[in-house]
Structures are given as structure tokens and as C-alpha cells.
Amino acid sequence: MSYRAPVAEMAFTLRHVAGLDAAIAGGAAGDLTLEDAQAILDEAARLANTVIAPLNRKGDRHGTPLAEGAITTPPGWKAAYRAFVEGGWNGLSGPAAHGGQELPLLLNAACSEMWNAASLAFGLCPLLTAGGIEALDKHGSEDLKARYLDKLVSGEWTATMNLTEPQAGSDLAALRSRAEPAGDGSYRITGSKIYITYGEHDLTDNIVHLVLARLKDAPAGTRGISLFLVPKVLPDGSRNDLRCSGIEHKLGIHGSPTCSMSFGDGGGATGWLIGEENRGLACMFTMMNNARLNVGLQGVAVAEAATQKALAYARERRQGKAPGATEAMSPIIEHADVQRMLLTMKASTAAARGICYLTAAALDAARGPEGKAAHDRASLLTPVAKAFSTDLANEVTSLGVQVHGGMGFIEETGAAQLLRDARILAIYEGTNGIQAIDLVARKLPLNGGATVRAQIASMRGVLEGVLKDASPAFGHSAARLRAAIESLDRATSHQLKALTSNRPEEALAGAAPYLRLFGLAQGGACLAKAGLAASAALKGGETDPAHAARIALARFFAENLATAAPGLEQTILDGAAFTQDAKLALAS
């Protein structure tokens, strides 16, 4: 089965969980109307379903061969990218001053989910370009913007992010790439980078590399890193002194070229400074934060694709006789354990979608009157959106293989590809362990803890709505959601106290389970909010069966998945002792 964008569910989440209706009513979405938003979603779905999705398996099988420094993308890739660009999709949320439509990031998030669900390998190219656009728009000189932004926003050119080096990994302080002033306002860049997504390809004539490097007398560590724009093709049309020196042979995302890049083999690649000298990390984090939300959306996307594939297979595959069945062989979807797996997949995907859309909505709100408060809320939610969603993507795609049984372990069904593709998501753009550290060490202390307390209060507000609704269809959702929120509240107090009492190791030991706990509470609140909107619709006379399904999904998540929250709380409160025993326990 090929992916079909779940437009109705996405639109419902946009409106009733992430607040698109309120944004439009309050003028925060410009001239956008609900009718416009629906039309955009429908057209994006058409492109994802009919143009991009059919290429997914082809990309996996063909890969991206490198010959004489040039990479050939899979068959159909160039035509699909051309359709993507001609449709204006690359500039959906791009700055209007440079040809973009400047539509809400929230709407763009839904579209990004579609591109990546149709083909994760294809969706990576515009994902990196979007981050490059934001970094250049916020930090670049007027000259660089005039020279590059229009073509990046349109998609005529693409962008990359060049951080990682062989000896450095995630430790940016260990970067060795060098930059020397050339005396004409430009710099000469030398060094090597690895894991560069779409560092070389044949989709566009030019590729704009954003490269971290050090100036000669720069301070040590991350304080001495600068960011440079280094194009493949220079303004005079000549080829810059850079090349793709190799491609990685990977577990998944075979249709996306992952390149090793060499800068300055012939004396130095020409580049231009973005922002200020030695302040490059702040500029790059603009790009990375954009990418982290989009990677979270990739997690939602691949989980959705896996769920659709597993549901279709479970409806067709017959095996055994289900309780109460009249036929000798029942579709496996009628067996309780298969239902449990499918509901886990569907509920996890919907919860992750809600969190990612909430994060995008906060980024939109940060541009308006709410300003800093919304910016801080987005900062808090971003590591959760990235890590929780991608952890779930790995779990959901693994369950997808399990639902297929032996056929899931065989490549022809496509379930295995989704599992292979999903595995990178918890690693790149900052491993999920780094996201957990970021959440606990940097985001919880924002405003003295007021930002996280406000977010927990918003979850309690949803809980109150479930209690007031009093519909029996919610089952024990209120009690289970309350337990998850209270566990999160107590764990938050513990983590903040550990940080303020100079016990950072204790806080960091519980960082990963804390992020998971946060995701369960926030995800449960998102599904409950959707369930409340569905309940109100049913009480208002609507008969769409999707409404009852939304309530059922909220109940399943609360009663079957959010129940892990108290155990995670205990791990956070009591589990830090492992740091004292680690050397002993790991020695043998």
C-alpha cells in the first residue's frame, strides 16, 4: 500500500489541538482563511500521494551513486523536485520579501509531514533548505540575502548544514575547519565535513553550504566558531574549491545522499561570513532548531506511513479464528493483540503530531504580540517534539514489522524500509540524549521554571475539560491523564531542585526518562483536547464516525500508554544512583 495523506486528521489537529482557528481569528495568520488552509492541505496531499510517494521504493533500491564527484539521484527524483518547486511549496513559509508566501509555520508543518511520509529521503532536501533560509534571513548581510535568498526560497537552489567532522561528532568544540580572511570581504575555507545531507546532487545547479569553521586567532571551544556561506558555484559562474569526497553506505534513507565534503583542496573555498566572527554557533542554532522540529515531523511522518501500511495488511491477512467470529479464518485485525499493536501505533503517531503542531504554533505566536513567552514555550517544546516523536517513530515502525509477521522482515512489503529509514531520526540533528540534556539543563530553568509550569498548567486545563465533559466514552482517561500530569509536575520539581542545588549529575541522569514522561503527559493532553473537540461536535449533532474514533484513541493512549508515567517518575526520583555504580557494573 502506498501512503495517502490523512488530510482530515491533520486539519482537525491543526484546528482543535494547535489552535489554527484562533490564530486566524486573531489575525496572527495574515490573510489566511480556513478555506485557504484546507485547499493548501488538499493540494499538498495530491502532490505527496501521486508524485512523491510512488518514488519511495525506487529511491531505496537505486540509492545515490557517486561517480567523478557527481551524484545521480534516483529515477523520477528530478521531475518530482521540479513539480515541488513549480508548485511554490519550497517557499510556503519563506519570507515574502524574497518571494516566499510567509504562511504560518503551523501550516507548513502539516505539509512537511506529508512530504516526509511520502518519502523520508526526498523530504530531507527541502528540510535542510528551510533551515538555511531561516539562518540566512535572520543573520545574513543584506548583500548575501540579495544574492542568495530569492533562489533558496524558490527552491532553485538548495542549502546544507556543515557541522560534523570525523574527529568531533557532536562535540562542536573540537571542530578543526579553518577560515582565513581573503582581504576582499570573503574568506578561504579549508577542512573536511561528514554526514552532509544532500551535500552534492543533481536536482539544482547550485548548492549553498552553511559551514562552521574557525578563524586563526579564535577563542578555544564553541566560543570561537564562525558560520560561513560557501556556495558550490560562485557568483561569477565558476566552480568553488569544494567537492563531495565520498558518500555513506547507510542502513536507511538510501535515496538521500549523505556526503563527505572536502573544502579547499586547491587552496581554499571562497565563503562569506554569516553574522559576526566567533558567533557562528548562535547563527547555526537558528538552522538547527528549525531542523529539530522538522525532524520531529519526520518522526510523525514515518510513523503515519508505517501505521497505514500495517492497518492495510491487518485488514487483508487472514489467520486463526477470532473470538466470536463466524468464519474459520479471521482478518488479523480482529485479534486483540494485533488491535493493541495497531492502536499503539495510531495513538503514538497522533500524540506526536499534536506535540509537533503545538511547537510550530508556538513559533508562529512568537512572531506576534505574545513574543518572548511564546518563544520560550517553543524552546521548551522543541526537544520534546524532536526526541519524543522520533523515539516513537522507531517504536511504531518496529511494531509495523511485527504486525506483518514474517512478511515484515522481507523487503517486498516495505515495512522493513520504514524501520530502516526511521532509525536515523533519533540520531541526527542532535541525538535524543542531547535533546533530553537540553530540555533539563537549559529549558526547564527558563524564567525560573515559569515556562514549564505554565505548560503543565495548560495540560491541567485540558484535564479539567475532560472532567467537565463527563462522557462515558472517555472511560478512565481523566484519572490516567491526571496521574501522568502530576507525575510530570513532581518530576519537574525534582529536576529543578537538583539543578539549583548544584547536583547537575542527578538531573542529567534522569533527563531521558524525564523527556519521555513529558511527552506522555503532553501527548495525552493533545489527544484529550482532540477528543473534547470531537465530543463537542457529536453533542452538536455531527455524525462523522471519525469523532468517536478520536475519543477512543484519546482513551487508549491515557489508559494504555500514559500509565507508564508514574514508573518514569520513580526512575527520575530514585534512579540516579546508577551513575555511582556504572563503572562497577560495566567493568565486567
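This is a predicted model: local features need pLDDT of at least 70, side-chain atom pairs count only at pLDDT 80 or more; totals for chains, interfaces and linings use all residues.
## Nonpolar cores

The largest nonpolar core holds 167 residues. Within this core, Met 114, Trp 115 and Tyr 514 touch the most other members. Helix H9, spanning residues 280-316, is the top contributor, giving 19 residues.

Trp 115 has several contacts beyond its neighbours within four places in sequence. They are Ala 44, Leu 47, Ala 48, Ile 52, Phe 84, Trp 89 and Gly 123. Another core, of 19 residues, lies apart from the largest one. Its members include Leu 215, Ala 218, Met 261 and Phe 263.

## Helix H10

Helix H10 runs over residues 336-365, 30 residues in all. From first C-alpha to last, H10 reaches 43 Å. That is close to the 44 Å expected at 1.5 Å a residue. H10 is mostly covered, with 22 of its 30 residues buried.

## Second largest pocket

The second largest pocket contains about 680 Å³ of space. Its lining comprises 30 residues. Closest to the pocket centre are Glu 9, Leu 311, Lys 346, Ala 549 and Leu 553.

Which helix gives the most to this lining? H10 does, with eight residues. H1 (7-16), H9, H10, H17 (511-539) and H18 (545-561) each supply at least two lining residues. By class, the lining has 18 nonpolar, six polar and six charged residues.

How values were computed
Residues are numbered from 1 along each chain as its sequence is written. Side-chain values use heavy atoms; hydrogens and water are left out. A nonpolar core is a set of buried Ala, Val, Leu, Ile, Met, Phe, Trp, Tyr and Cys residues joined through side-chain atoms within 4.5 Å. Buried means under 20% relative accessible area, exposed over 50%, partly exposed in between (1.4 Å probe, protein chains only). Helices (H or I, at least four residues) and strands (E, at least two) are DSSP runs, numbered from the N terminus. Contact means heavy atoms within 4.5 Å. The expected span of a helix is 1.5 Å times one less than its number of residues. On a 1 Å grid over the protein atoms alone, a cavity is a set of points where a 1.4 Å probe fits but cannot get out, and a pocket is an open set with protein on both sides within 12 Å along at least five of seven lines; lining residues have an atom within 4 Å of a point. Grid points are joined across faces, edges and corners, and a volume is the space filled by probe spheres set on the points. Ala, Val, Leu, Ile, Met, Phe, Trp, Tyr, Cys and Pro count as nonpolar, Asp, Glu, Lys and Arg as charged, and the others, Gly among them, as polar.
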